[in-house]
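Here's a quick briefing to read with the model open beside you.

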Amino acid sequence: MATLGNPTNTIEVLQKYHFNFQKKYGQNFLIDTHILEKIIKESGITEHDLVLEIGPGIGTMTQYLAENAREVVAVEIDKNLIPILNDTLSAYDNVTVLNEDILKVDIPKIAEERNQGKPIKVVANLPYYITTPIIMGLFESHVPLDSITIMVQKEVADRMQVGPGTKDYGALSLAVQYYAKPEIVANVPPGCFMPRPKVGSAVIKLSRYEKPPVSVKDESFLFALIRASFNQRRKTLVNGLANGSLNITKEQIIEALCIMNLSSTIRGEALTLDQFAELSNILYS
Ligand code: SAM
């Protein structure tokens, strides 16, 4: 089987199996070897690593991962891709393909059984329709994680990386930055995929913190507070939070902001992660 990653070989495989792209699964296959090499390099995988790949497609990046990692577990939802993957990955004995929905897979169990509970690396060209649930699911399941190196929509990568005071800043930025250090490592134009997506893409590396950079009394209260603060973006924090489902009064929020030396007219988008943590600790009691 020829190495994939260039358009000619990809087309050949697709034709051999009469494969039809399924839009509902976000299928845009990589056909640029430079980008594939860049993802492998930036992910920092070594021959000691267990790598989880989400959505291997026809196995293009899987081949690169299998060459560089100890073991690869690739989870693909589309059953029509399984015979193709059996063919394109037949030369590798360190790859396991699971025909499942990644949102239903017990990833901590995979890490436990195949990596003795040690941190795994996730590398993927994600299906864009479920980017956020995949990332948040990985963090919130507390699976032992070293890093997540993923291709996402450019706009989503920006949202994960920015700080306060920008239009992209929001609940996703804060949630990601609570768990990991984000770094955009490549911008990827539509021409690097088949078929071409309508949007620009970017590769972002999320390096998991051993301990979150802020300490809070209750993690779920912090996230509820963050979500409520951005639900009504155009309102002040006081009005947005008092209208939400958190059972906090305007007076309590104004008092908390006063303790923090912040104006009572401030909006959620102006607060840093540190400030959200402090606010959540004051309000939690
Ligand atoms: N990794 C391949 C590549 O780079 O060429 C394919 C990437 S494509 C953007 C996304 C892949 O994720 C597709 O193969 C799609 O079928 C698969 N996929 C979509 N939803 C999924 C899900 N819920 N669980 C597992 N795989 C999924």
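A polar contact is a pair of N or O atoms within 3.5 Å; within protein, one of the two must be able to donate a hydrogen and the other to accept it, and residues adjacent in sequence count only if both atoms are side-chain atoms. With that in hand, look at the ligand: one of its nitrogen atoms is 2.8 Å from an N or O atom in the side chain of Tyr129.

Before going on, know that this is a predicted model, where local features need pLDDT of at least 70, side-chain atom pairs count only at pLDDT 80 or more, and totals for chains, interfaces and linings use all residues. Residues are numbered from 1 along each chain as its sequence is written, and side-chain values use heavy atoms, with hydrogens and water left out.

**Around the ligand**

- How many residues surround the ligand? There are 23 of them (one heavy atom within 4 Å is what counts), and the closest are Leu30, Gly55, Glu76, Asn125 and Tyr129.
- Leu30 also comes in with its backbone: an N or O atom there lies 2.9 Å from an oxygen atom of the ligand.
- Ile102 uses a backbone N or O atom too, and this one lies 2.9 Å from a nitrogen atom of the ligand.
- On its own, the ligand has 600 Å² of accessible area, and the protein covers 99% of that (areas come from the Shrake-Rupley method with a 1.4 Å probe; for residues, only the protein chains shown count as cover).
- Where does the ligand sit? You'll find it in the largest cavity. A cavity here is a set of points, on a 1 Å grid over the protein atoms alone, where a 1.4 Å probe fits but cannot get out; a molecule sits in one if more than half of its atoms lie within 2 Å of its grid points.

**Helix H8, tucked inside**

- Helices (H or I, at least four residues) and strands (E, at least two) are DSSP runs, numbered from the N terminus. H8 is the helix covering residues 171-179.
- Why is H8 described as largely enclosed by the rest of the structure? Because eight of its nine residues are buried (buried means under 20% relative accessible area, exposed over 50%, partly exposed in between, with a 1.4 Å probe and protein chains only).
- Those buried residues are Leu172, Ser173, Leu174, Ala175, Val176, Gln177, Tyr178 and Tyr179.
- The buried part of H8 packs against several elements, including helix H6 (131-140), helix H7 (154-161), strand S7 (180-188) and helix H12 (273-284). Contact means heavy atoms within 4.5 Å.

- Ser229 is part of helix H9 (residues 219-231), and its relative accessibility of 6% makes it buried.
- Skip the neighbours within four places in sequence, and Ser229 is in contact with Leu237, Leu241, Gly268 and Phe276.
- Ser201 belongs to strand S9 and, at 2% relative accessibility, is buried as well.
- The Ser201 side chain makes a polar contact of 2.7 Å with the side chain of Tyr128.
- With neighbours within four places left aside, the contacts of Ser201 include Met151, Lys154, Ala186 and Phe193.

**Spots in the loops**

- Pro119 sits in the loop between helix H5 (107-115) and strand S5 (120-125). Is Pro119 buried or partly exposed? Its relative accessible area is 45%, so it is partly exposed.
- Not counting residues up to four places away in sequence, Pro119 touches Pro144, Leu145 and Asp146.
- Thr166 is in the loop between H7 and H8 and is partly exposed, at 34%. A polar atom of the Thr166 side chain lies 3.0 Å from the backbone oxygen of Gly163.

- Met194 and Pro195 are joined by a cis peptide bond, with omega about -10°. Pro195 falls in the loop between strand S8 (193-194) and S9.
- His142 is not a glycine, yet its phi is positive, at about 55°. Look for His142 in the loop between H6 and strand S6 (145-153), where it is partly exposed at 47% relative accessibility.
- Asn261, another residue other than glycine, has a positive phi near 60°. Asn261 lies in the loop between helix H11 (250-259) and H12, and at 71% relative accessibility it counts as exposed.

Conventions: 1 Å grid on protein atoms, 1.4 Å probe; cavity = no way out; pocket = protein on both sides within 12 Å on 5 of 7 lines; lining within 4 Å.
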